Each structure stands twice: as structure tokens, then as C-alpha cells.
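Here are a few notes for reading this entry. Please keep the sequence and the 3D view open while going through the points.

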Amino acid sequence: MHEPERGAHGSAHAKTILLGEHAVVYGRPAIAFPVRSLTLTAHARAVDGPLRLSTPYHHGSIAAVDDGTAPREEHLAEAALRHTLDALGVAHDGVDVTVTGRIPAARGLGSSAAVASAISVAVARLHGIDLTYEARFELVQFVERIAHGSPSGLDAHATMSPGPIRFESGVARPLVDTWLPPLVIADTGVAGHTAAAVASVRALRTTDKRGVDAAFDAIAALVEGAHTDLRTGDATALGARMNACHSILSDLGVSSPELDTLVDAAHTGGALGAKLTGGGQGGCVIALAPTPADVPALARALTEAGARGVWPVNGGEEEAA
Ligand code: MEV
């Protein structure tokens, strides 16, 4: 006779930064939205035998992950699993974790934070513990430090929060009663490495502190303005702020030809505004459709311009599915 199988699961979604990336690392505000159409679920089971981990990027034992051939995302998943077991004070065996669903990795969509978040919740629940929000945040930040070096905490909060947030100096607040702008995320298909992008901005700041801090202040002013636009539902003003932000981020060196191509395609396709989202130097753009009904046409225009994936946010999910 064997023990009945015990299992638990945890989920997390992708995020998109509306405005504020990079400047947020230096204490300026940022606004981010959940991307519910991109969700990961981790299933944890108690088993006899060694630790096992299967994700969309890898299947098998942790030993196989350790052999140095697994993709980076897999190592982050393993780090989340091992760190959660350490935090719970339990042995590193007898658990099988399977992650299903997919958030494209290295695209500025918070995949590393979401993987860590889903795994930590599932593994803790398997041990009878419902993590507090703070405990979950700390586990995710541990993995984010491996992934990014000095994460602001925005990605961890944004992948855990059910709705839009405003984040500033380590504090995340839900944006309540806000207009939800119809956005389309479009993937260049080119990996963007947040750690490298953040390091390049830091290097620029060592040579031109005044100029880079002025750019951060200008981004902060755009975030403040956008916060008002979200209260009043002013799509035209928000689109203009997104365009202005993209040009500041370009000046900071974190855009790329592929991102600029998709931003241009978004404008041609009727977007009120478009910008890169996340760390940049690859990854994704977000574009603002005039109305939810315009989302499918905008998504089509971005696909025709070469986007490898498009995901609607805040409306149009059904139309674009
Ligand atoms: C990455 O999604 C956002 C950045 O601002 C880095 C961070 O906030 O840690 C580029």
C-alpha cells in the first residue's frame, strides 16, 4: 500500500510596465498591469525519491538541471524551488514540481518573477503553509536578485498583484477605480537581458549623472501624468506620454532596431502611443489602442510587422484569442 498522493499548486501571471522602467530602479514611480492571458501554474507533489523539476523549458531531475546545459530560466526555477525548501526548513528531496503554461522568457514580461512566485506558493502549500504576501515577495526577490542583480521589486509585486499597481521606492499600491487602457503587447522575438540593460544605464549614469537623472525625472513626470490620465480616462494624453517615454528610453540606450520597428508599426496600425516595456534591448513593446474594439486590428498590424507574439491587456482578450 502506498500513501495517497498529496499535491498543491500556485499560479502567477506576466506583467507589463506601462511607464517607469529603469527610472524605478532609482526611486522614481512606475505603473504596471497584470497580463492575465500569460499565466504559469506550478504543481507540487510529494514523491519518494530525489527532487524533480519540469518546466516548459526542461523536464527531469535537478541533476540534469545542474549539468550546466539547461537554459537560464531553468536555473532560476531551480533556485526558487531550493530557496523555498530552505525557507521552509525542509529537505531537498521528495518533491516533484511541474510548471505548466508559458510566459516567454527574457521579454520584459516578468517570467523569472512569475516562475519563482508560482513555485514558492505551490511548494509551501504542499507543506501546509499559505505564504503571506511579504514572505512570497521575499522568495521571489531572492530569485530576481540572481536574475537581475539589483531588482527594484516592481516585477515581483506586479506578477503577484491581481490588478494594476503603482510602485515607488519599494512600496506597491493597487490602482483602484482606474480606467483600464486597452493595450497590446508585441514581442520582437529577441531576448532582452534586464541585468545587461540596467547595467548599461548605470554605466551611462557614471559618465553623465546629471543627464541621466534628468531623464529619470522626466519619466517620473510622465508616470505622474499617466496616473491622472488613468483616473480621467484620457487615452490621447496617455498615448502621448507613452511616445515621449519611448524616446527617453531610446536616448538612454535601451531600445533596439527591432523594438523601434514595432513601435513604428503600432503607430501605423492606429495606436495612440507605443513604447518598449521592461528592461528593453530586445523583448516587447506595448501599444495603446484607441478602444478595446481596435485591439484585434492593432494586434494584426503588429503581427504583420514581424511580432512573434501579441497579447492584449485590459480588454480584447476574447476578440484576439
Ligand atoms: C524590468 O522589468 C524593469 C526594470 O526597471 C528593472 C527593475 O525595475 O528592477 C528595468
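1. Which atom of the ligand is 2.9 Å from an N or O atom in the side chain of K15? An oxygen atom of the ligand lies at that distance from the K15 side chain. Keep in mind that the model is predicted.

2. Two further contacts of this kind can be checked. A ligand oxygen is 2.6 Å from an N or O atom in the side chain of S152.

3. The protein covers 98% of the 300 Å² of accessible area that the ligand has on its own. There are 13 residues around the ligand, and K15, H22, V24, S152 and D155 come nearest.

4. Now the helices. Two packed helices are described by the angle between their axes and the distance between the axes. Helix 2 spans residues 72-88 and helix 4 spans residues 133-148. Their axes come within 9 Å and cross at roughly 145°, and the crossing is right-handed.

5. On the helix 2 side, the residues in contact are R72, L76, A79, A80, H83, T84 and A87. Helix 4 meets them with L139, F142, V143, I146 and A147. By class, this contact has 9 nonpolar, 2 polar and 1 charged residues.

Conventions:
Residues are numbered from 1 along each chain as its sequence is written. This is a predicted model: local features need pLDDT of at least 70, side-chain atom pairs count only at pLDDT 80 or more; totals for chains, interfaces and linings use all residues. Side-chain values use heavy atoms; hydrogens and water are left out. Axes are lines fitted to C-alpha atoms, for helices over the stretch in contact, and angles run from 0 to 180 degrees between N-to-C directions. Helices (H or I, at least four residues) and strands (E, at least two) are DSSP runs, numbered from the N terminus. A crossing is left-handed if the near helix is turned anticlockwise from the far one by less than a right angle, and right-handed if clockwise. Contact means heavy atoms within 4.5 Å. Ala, Val, Leu, Ile, Met, Phe, Trp, Tyr, Cys and Pro count as nonpolar, Asp, Glu, Lys and Arg as charged, and the others, Gly among them, as polar. A residue is near a molecule or strand if one of its heavy atoms lies within 4 Å of it. A polar contact is a pair of N or O atoms within 3.5 Å; within protein, one must be able to donate a hydrogen and the other to accept it, and residues adjacent in sequence count only if both atoms are side-chain atoms. Accessible areas come from the Shrake-Rupley method with a 1.4 Å probe; for residues, only the protein chains shown count as cover.
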